[in-house]
Every structure is written in C-alpha cells, then in structure tokens.
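Thanks for coming, everyone. I would like to walk you through one structure today, so please have a look at it while I talk.

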Amino acid sequence: MPSVPTLSRSSSSSVVGDAPGDYFFVRRFELPAGLPEAEVAGFVELQLEELSPFPLEQLYHGHVVSSSRDAVLVYAAYRRRFAAEEIERWARSTFVFPDFAPALRLRFDRPTVVLFRSQTALTGMRFDGPRELPVQVVSRPLRIEADDDEARAVREQVVARLGAAGEPLRDLRVTSTPESRAQGLAYVLGPDAGGGGAAEVLLPTAECWAMDVRDATFVSQQRRRMRVDLVLWRCVLGAAAVVALLVLGELLLLGGRGYAGWLAGRVRDQAPIVASLEDKHTVANRLADFGESGLSPFVMLATASGPKPASVYFTRATAEGRNNLTIDAITRNVADMNAFEAGLRNLPEVERAEVQNSRAQEDGTTFSVVIQFKSGAFARAPGPGRASLVAGGGS
C-alpha cells in the first residue's frame, strides 16, 4: 500500500532550515498551572513584549513547552540580523529552528551542562536535573572550520558565562540529517569528538510548528499547504481506485462519475481558502517592503541617548515609520525631564521633540518623549548587522 508523504514536500525543499543560535536571546518561564494549550502562544508574546524594547513585528521568535507543561523556553532574534538570502532559503524549508533546538528536550538525572556544536555556533545549555528544558542558554559564534585554539577559547567563554564550574559537561552535535516521520522529526545526537553514546530525539510535528521562528502567517500557510498535499495524495489514490472500478462495468462507472463530482465539489470548497492565501501573500509582501525600508531604530535610540541626564532612565522605545521614535522614561528630577527635551531639540538630526504624558508617582515622574528625526538624517547600513538585541548575544 502506498505510504503517506513525509514532511519534505519535494526534492528541492529541505525539511529543516537552521538559524544561527548566537543570534537569539533565550529565556525560560514557568507556565501558569492549568493554562490551556491555545493560550500558550499569547503568554509567550506577553513575555516577549516585556523583555524586548522593540515590537514583536521586528522579531523572529518561537517556543517549546516541556512535556509536563510546567515550563516554556522562549527564544527571539532581531529580524535585521538575518540576510535576505538566508530568509529566502527559509521559504524552501518545512521548518526553521535555531540550530540548538534539537538539544532543548534533553533530560538528565543531575545538573548537567551540554555544549552543543553546530555549523556556526557553540551553545551551552545548563540543565538543572530531571526536568526538561535548560534553565540557562548561552550561544557564541564558532565556525565549523575553526582550529582547536579558537574552539577552546569559545568553549571557555561559554562555560564561564554559564557559571557552571564543577558541573558535568557533555559535548554533543547532530550526527545525521534529521529524518521526517509520521510522528515528527527525529534527530540523532552524538558526542562532538566522535565515539559511541548516540541518542535519538523526536520532536512531534505539532511542537515543531510552535518552535518555528518565521512569521505566524507564513507558518500557517505552510501547515495548510501540508494538509493540501496530504489531501491531494489521497485524491490521487482515490482516482486510481475509480479507474479500477471503471473496468468492472457500467454500474461502477456511474459510481465513478459520482466520485468525480465529489472531487469537483471539494475543489470549489477550497476556492475561498486559495483566495485567503493570496490576500495573506499580499500582506506578507507589504511587510517585506517595510523590512527593506531605511528604519534605523538602534541608531535613533543611540542618538536620543546623547543629551539624556543621568537621572533619566529609559523603560521602553518604539520605532514608528522611518523617522519617528517614542521613548518611555522615568526620572526623579522634573527639571532633568525638561533639560532632556531641550537637549533633544538642539540635536542637528532632530526635527521635533516633545514631552507628553508626564505623571508624578512615588518612585519618580514618568513621561514619554516623541522624537521626529529629519528625513535622511541616518544613512542605511550596508547590510544586516550582527548587533545583539540583548547585550551578551545569546545569553
């Protein structure tokens, strides 16, 4: 009997696309007891909004939930860190994970540090015992062709950053291409230096979709496309059965025509879904156009920090359009708020700066300052940089 198609859709597609692990910052959170599965994604987004100074639309992110559903590991990276060619390759993959993803579901009897080597990075994961998901993840760039001295130096940096002196260390890497199965993706992890002790890790398909770092709209399209592939495959089998029935006689021919009519009805039923996908494709193209604009949020924030008095602390920054930046801040000295506004207005790059929503509280005065930079004040960077969203890279 013919088998159902695997996760890979064609010979030109790859099952998994890897994103460099050192591009991501990673945090583990305890899940509220009894939180429904459908609400986990919303919980993750709320945590990211508190962690990141930039909107979710400017992040690639994913998450993985422990089997006991008591914890979730969240990872995110600033979109501009990835080259356009890399994002184009992602479209040809069924899933896209950080390169350290295969090792996240490991479990040990006692506290253990895993040093996971990929093509572009070395990632340290600190596990606290029998519970799944590491309590701390640190990733640093490391070329696969790096010599022993370079690899040793990066290894020492990762271990020191984890602060796990005296805990057992295990060096692992993926030893073969991930295999797609009916249940999900199977990885084989083995020692980085060779030898025995290889172990298999299975990531269920439903979990793989949550771990995927691409846009939620694109991931939804991928899931629908796989369902359509499965339906089409079943339709092919059904059509073969109809052909076999046709040779049995006129009576079975009538049944075959009825089946063909059913198939035509199914095609008509799919028409609204196709139209919806086309609309979402248009929206995705608009988002891509925005991603290629000249928005320079880091440069804007650095420029605005110049005249900031020492008593003023930034709590949040949001880039709007190409030239606008809104900063939420707090200070214990109201005069410094006015001095900050005056200093911003004197910057040659600033067209307009205005303090809004000032409010006195017990711990200080909170306020927002809306800054409009002059058009063309910042030249666009020549390509995506490797600046970390959070200081320390993947720590």
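Let me begin with a term: a salt bridge here is a side-chain nitrogen of Lys or Arg within 4 Å of a carboxyl oxygen of Asp or Glu. Please keep in mind that this is a predicted model, in which local features need pLDDT of at least 70 and side-chain atom pairs count only at pLDDT 80 or more, while totals for chains, interfaces and linings use all residues. Residues are numbered from 1 along each chain as its sequence is written, and side-chain values use heavy atoms, with hydrogens and water left out.

By that rule there are 17 salt bridges. One of them pairs Arg181 with Glu200, whose closest N and O atoms are 2.9 Å apart. Arg181 sits in the loop between β10 (179-180) and β11 (184-191), and Glu200 in strand β12 (residues 199-204), so the pair ties together parts 19 residues apart in sequence; strands are DSSP runs of E, at least two residues, numbered from the N terminus.

For accessibility, buried means under 20% relative accessible area, exposed over 50%, and partly exposed in between, with a 1.4 Å probe and protein chains only. Arg181, at 29%, is partly exposed, and so is Glu200, at 48%.

A second salt bridge joins Glu132 and Arg105 at 3.0 Å, N to O. Here Glu132 is buried at 11%, and Arg105 is buried at 15%.

Finally, which strand is largely enclosed by the rest of the structure? That is β5 (residues 93-98), because six of its six residues are buried.

Definitions and conventions
Helix = DSSP H or I, 4+ residues; strand = E, 2+ residues; numbered from the N terminus.
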